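Hi,

Here is the model I promised to pass on. Could you have a look at it alongside my notes on the aromatic side chains?

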Amino acid sequence: MGSLRRTGTTGGEARPGSLRRTLTFRDLLVYGLLFIAPMAPVGIFGALQARSHGAVTTVYAVATVAMACTAYSYAQMVQVVPRAGSVYAYARAGLGEGAGFVAGWLALLDYLLIPAVAYLFSGIALQALVPSVHRWVWTAVAVVVTTLLNLWGVRAAARVGFAVLAMEITVLAVFVVAAAWALAAHGAERSWTAPFTGEGGFSVGAVLSAVSVAVLSYLGFDAIAAFAEESAGGARRVARALLTCLVVAGVLFAVQTYLAALLAPMPAARLAARPGEQGTAFYTTAQAAVGVWLKTLVAASKAIGAAFAALAGQAAAGRLLFAMARDRRLPGALARVDGGSGVPRRALLGAAAVTLVAAVWAARRDDGLDQLSSLVNVGALAAFALLHASVTGWFLVRGRPPERSLVRHLVVPLLGLAVVVAVIAAASPTARTVGAGWLALGLVVLAWQYGRRARAGGAPGR
């Protein structure tokens, strides 16, 4: 296993070539919530309403519980393997060198493409506000601005990110107050229990089908684990931030979807029959219930928030590239840390370059969003599967540390694995095909690395 140069915990000082421990609990929470985005349900509210037959709030309640298993597995592993690289480092420790590479390779697919989708969302929203500028220009500008912030330093990016997050939460609060006023003044469009029970009867199958989509709203909280070597409070603080982020996001998602479902002028059946209206259902609800000003406010917030969700994702991707390069799984140049800013500059620029190409390519196509969206998420979910296996591998198979628990280290990981497998099974054929192709390419690279190391008389990663 590659050597890990540990940093000190005082004053953010670090040895040359290592990351600095400067992030507070608030910083970690900011990165996680930024990547998730407090108003993540806005874009898929209509689709979830249609799939769940109107029981959208129940969908998010179930999805939060389901993703809690993954968050708990992260919290378990970050305390015993407090390293940059997140699931790559955990699978490497719990399952071995080869599994670690595969986990990191799978996570790379999504850490590079999820920010591209977020940048595209930002470009689309900004073009709606300034139609004279093409969305690919706005998309490129968003990539450049957030990349410069990431290169400035992890603390500087966290400070700016905190301001953006505060703005997003403020807009969400405005929506909640305005929605409450509309309900008090005009009443609800449907039963007060409909967001939980559905319209026309509760369907377990419909809710579970919607959960397979809703869990994608939570992808990003795991980025917190990527900053394990930069947390000033150690691994326990990272674990606490992971679990807190998931709970906070779950509450925010449930509240906004409950209010939107009560006020939505269109029933779930109509949305199911008219897929073209699903993407704008939240905005339509805001305008119909309160006014066009609320629709514009939510759209502007989504534009800015999406760009900074991408910032957090880009930062996590840079740490993953850094960790894999440090262990000689990727070119060693990516493992260098800038002496001034304390960030893995080359790894960040590499991640930014791939994201920029993908985002601008999609922004220049009419079907770009559909094409790009179909490629993401499967890699992260497959990596989550290896994460759950890593918990069992580390604590029960390898027996480290000696305090083992069948519930925490077997039952919870198995539940999390079941959720992940179900979501992958519900993914589009295109997504599964791309995921399988990326995995096959990773296995080819892994075989080449083992062959090269064998010829050199050494082990991979040394």
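Below are my notes on the ring pairs and on the charges over rings.

First, the ground rules: this is a predicted model, with local features needing pLDDT of at least 70 and side-chain atom pairs counting only at pLDDT 80 or more, while totals for chains, interfaces and linings use all residues. Residues are numbered from 1 along each chain as its sequence is written, and side-chain values use heavy atoms, with hydrogens and water left out.

Searching the whole structure turns up 10 aromatic pairs. Rings of Phe, Tyr and Trp (its six-membered ring) pair if their centres lie within 6.5 Å; planes under 30 degrees apart are stacked, over 60 edge-to-face, and the rest tilted.

One of them is Tyr74 with Tyr90: the centres are 6.0 Å apart and the planes at 75°, so this pair is edge-to-face. Tyr74 and Tyr90 are buried, meaning under 20% relative accessible area, with exposed over 50% and partly exposed in between (1.4 Å probe, protein chains only).

Phe196 and Tyr258 have centres 5.5 Å apart and planes at 40°, so they count as tilted. Phe196 is in helix α8 (residues 194–197) and Tyr258 in helix α10 (residues 235–263), so the pair ties together parts 62 residues apart in sequence. Phe196 is partly exposed, at 41% relative accessible area.

There's also an aromatic cluster of Phe45, Phe175 and Phe282.

Lastly, the charged end of Arg26 sits over the ring of Phe162, 3.9 Å from its centre (the cut-offs: NZ of Lys or CZ of Arg within 6 Å of the ring centre and within 35 degrees of the ring normal). Arg240 has its charged end over the ring of Phe25, 4.1 Å from the centre.

Cheers

Key: Helix = DSSP H or I, 4+ residues; strand = E, 2+ residues; numbered from the N terminus.
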